[in-house]
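These are my notebook entries on a structure that I looked through part by part. I set down each term where I first needed it.

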Amino acid sequence: MSIGIRWALAAVTVAILGAQTPGVDAAREKRLEWWREARFGMFIHWGLYAIPAGEWKGQQIEGIGEWIMNHAKIPVAEYEKLASQFNPVKFDADAWVAVAKRAGMKYIVITSKHHDGFAMFGSKASKYNIVDATPFHRDPMKELAAACHRAGIKLCFYYSQSQDWHEKDAIGNTWDWPDDTQKNFQHYFDTKVVPQVRELLTNYGPIGLIWFDTPRNISKENSQKLADLVHQLQPNCLVSGRVGHGVGDYDSAGDNQISVGNVHRDWETPVTLNDTWGFKKNDNNWKSPEVLIRQLATVASRGGNYLLNVGPTAEGVIPAPSVERLAEVGKWMKVNRESIYGTSATPFPYELPWGVITRKPSKLYLHVFRWPGREFSLYGLKTKVNRAYLLEGGRKLTVRQEHDSASDNYSLRIQLPERAPDAADSVIVLETAGHPDAMTSLLQQPDASVTLPAYLGTVHGGSGMPQVRFDGRGVAERWVDPKEWMDWDFRVSSPGEFQVVLITSQQKYGRDWEGGHRVAVEVEGHKIEGTVTDQGKVENPSNPYWPYVRSVIGLVRIDKPGVHKLALRPGSIESAKKFGLTLVSVDLVKAQ
């Protein structure tokens, strides 16, 4: 049995939470207009959990800050007492919005109620809220709504609809109420969720979107009820994919996970500036401005939105390292915003070794992360380029385009200044004669390398539907059956001897990985065999929480230019941990 590339891409699509059903909804398209233009937003996780800030009764609690109640199994009666201590006297809505605006962000999504059940707004549906239960006695959401309106920023609300550790009938609190049979989720949903969502949509003016989260075992009927409620009260308000059951307006990637390739759907990824979402005083693992800028460009190049999180302190202050990094991103955006706002995905279905591409009608924006020196080369672009220039400063660049009919290779070469205008991401603009048209087959790149991504391969073998599937990053997972194998077609313009390298993925945070698999690689009648072993890690800034592992299998020879096929066949797969062969790509690196 053979399952082709369409199946692989479909699997990647449905791996993202809340995948949309086919069909065009005119109302939904209208709602998405501002969001597609924005591309960049600020996430804010703020609540009672900022008080313990990762520590409970003198002990550091592992995990993300806003989950401290769950991870430390803090009884409701104890956690509630934090409300009497919550007095964010340094909160300044205009200052928060200014941080977002300087960074180039177009919308703010703030936690109106997280899983701990505490409402960060004045609510008549529950007295467990910041106005009634704290000495602060102010509604910061009203102040944020006003500040966003003044600054031209869209205000959006996060709301946890299924998990609520404060309520016995909700999902999640198994330490106070361990007996699920005694829970009446519908009662919680009808008496707290629906009334509070209604309050958020009627008391704070126009809202850009409601960012629901962790649907868990919510019914499709209740997910639909929430989506309908939002659209009835505010027809232009979007519903995030995490409302559940595919009824949202757009899809949500996993936390800190950047979806793969040229994704043909509307999607967004939430990303942390450090490792946690809510404030955690000992988490100083801050991402560099370079990583943030490159992640932003990468998400936009795949047709997505980048939602970057800050976790303010219990006093109401966004930590200085967050402010500083966002200011650096803002400096880059001030120069290069044209290459992000309102752009769509790259015309190439695979990643490129030097950076990423965003586009607009008759324009390509080449985001060059690795500056090549005096000459830059791009293969596979068929469309004529009328003009090329650096986005920073507008310097005109000399372009030469050629087509080699023997290898059917389209090449574009651009003369560059020796030094990159920006160390993180220098943008080259190509003005094209019409809509950019690119070869979608896998091509050998100007550095002579060939990358065969797992998600663009064809799965064969096994019995029935294959066990191999692809996660949101495009990584093959559940490859535990050695009878299943994959192959790829690819085009070579410069033949020769190549080193075959398998790139596999560890689990999140590098917790686990399985090696020891025996594999065979076949190319044009040449066969080599080897073992998947850990021969070093590969930097993976797009998905830094999933380390990649490099395994050299051996050498193969390709004798002539043209289209070739590579097959990867396991001889045996180690799967004691049930991860198996977690393939990212097969890389061909030309031998010197």
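**Terms and source.** I call a residue buried when its relative accessible area is under 20%, exposed when it is over 50%, and partly exposed in between, with a 1.4 Å probe and protein chains only. Helices (H or I, at least four residues) and strands (E, at least two) are DSSP runs, numbered from the N terminus. The model is predicted: local features need pLDDT of at least 70, side-chain atom pairs count only at pLDDT 80 or more, and totals for chains, interfaces and linings use all residues. Residues are numbered from 1 along each chain as its sequence is written, and side-chain values use heavy atoms, with hydrogens and water left out.

**Entry 1: helix 7.** I looked up which residues of helix 7 are buried, and found Pro140, Met141, Leu144, Ala145, Ala147, Cys148 and Ala151. An α-helix has 3.6 residues a turn, so residues three or four places apart point the same way. I then asked what covers the buried residues of helix 7. The cover includes helix 5 (93-103), strand 5 (107-113), helix 6 (130-133) and strand 6, where contact means heavy atoms within 4.5 Å. I also checked the length of helix 7 (residues 140-151). The expected span of a helix is 1.5 Å times one less than its number of residues. For the twelve residues of helix 7 this gives 16 Å, and the end C-alpha atoms are 16 Å apart, which agrees.

**Entry 2: aromatic rings.** A pair of aromatic rings is described by the distance of the centres and the angle of the planes. I counted rings of Phe, Tyr and Trp (its six-membered ring) as a pair if their centres lie within 6.5 Å; planes under 30 degrees apart are stacked, over 60 edge-to-face, and the rest tilted. My search of the whole structure gave 21 aromatic pairs. One of them joins Phe43 and Tyr158, a tilted pair at 6.1 Å centre to centre with 50° between the planes. Phe43 belongs to strand 2 (residues 40-44) and Tyr158 to strand 6 (residues 154-160), so this pair ties together parts that are 115 residues apart in sequence. Phe43 is buried at 2% relative accessibility, and Tyr158 is buried at 0%. Why is the pair of Tyr158 and Trp211 stacked? The ring centres are 5.8 Å apart and the planes are at 15°, so the pair counts as stacked. Trp211 is in strand 7 (residues 209-213), 53 residues from Tyr158 in strand 6. Ring pairs link Phe43, Tyr158, Trp211 and Trp277 into a cluster.

**Entry 3: charges over rings.** I took a charge to sit over a ring if NZ of Lys or CZ of Arg is within 6 Å of the ring centre and within 35 degrees of the ring normal. Lys106 lies over the face of Tyr341, 4.7 Å from the ring centre. The charged end of Arg569 is over the ring of Trp485, at 3.7 Å from its centre.

**Entry 4: strand pairing.** Two strands pair if DSSP finds at least two bridges between them. I traced an open sheet of five strands, with antiparallel pairing and the order 12-13-19-15-16. Its edge strands are strand 12 (355-360) and strand 16 (396-397), each pairing on one side only. Strand 15 (residues 385-390) pairs with strand 16 in the antiparallel sense over two bridges, and Ala388 stands opposite Leu397 in strand 16.

I next turned to strand 32 (residues 583-590), where six of the eight residues are buried. Four bridges join strand 32 to strand 21, and the two run antiparallel. Strand 26 pairs with strand 32 in the antiparallel sense over seven bridges. Within strand 32, Ser585 stands opposite Pro453, and Ser585 is also the bridge partner of Ile503.

Entry 5: Ala448 lies in the loop between strand 20 (442-443) and strand 21 (450-453). Is Ala448 buried or exposed? Ala448 counts as buried, at 13% relative accessibility.

Tyr509 also has a positive phi, near 65°. Tyr509 is in the loop between strand 26 (496-505) and strand 27 (518-523), and is partly exposed, with a relative accessible area of 40%.

Lys287 is found in the loop between strand 10 (267-272) and helix 10. Lys287 is buried, with a relative accessible area of 8%. Leaving aside neighbours within four places in sequence, its contacts include Asn256, Arg325 and Tyr545.
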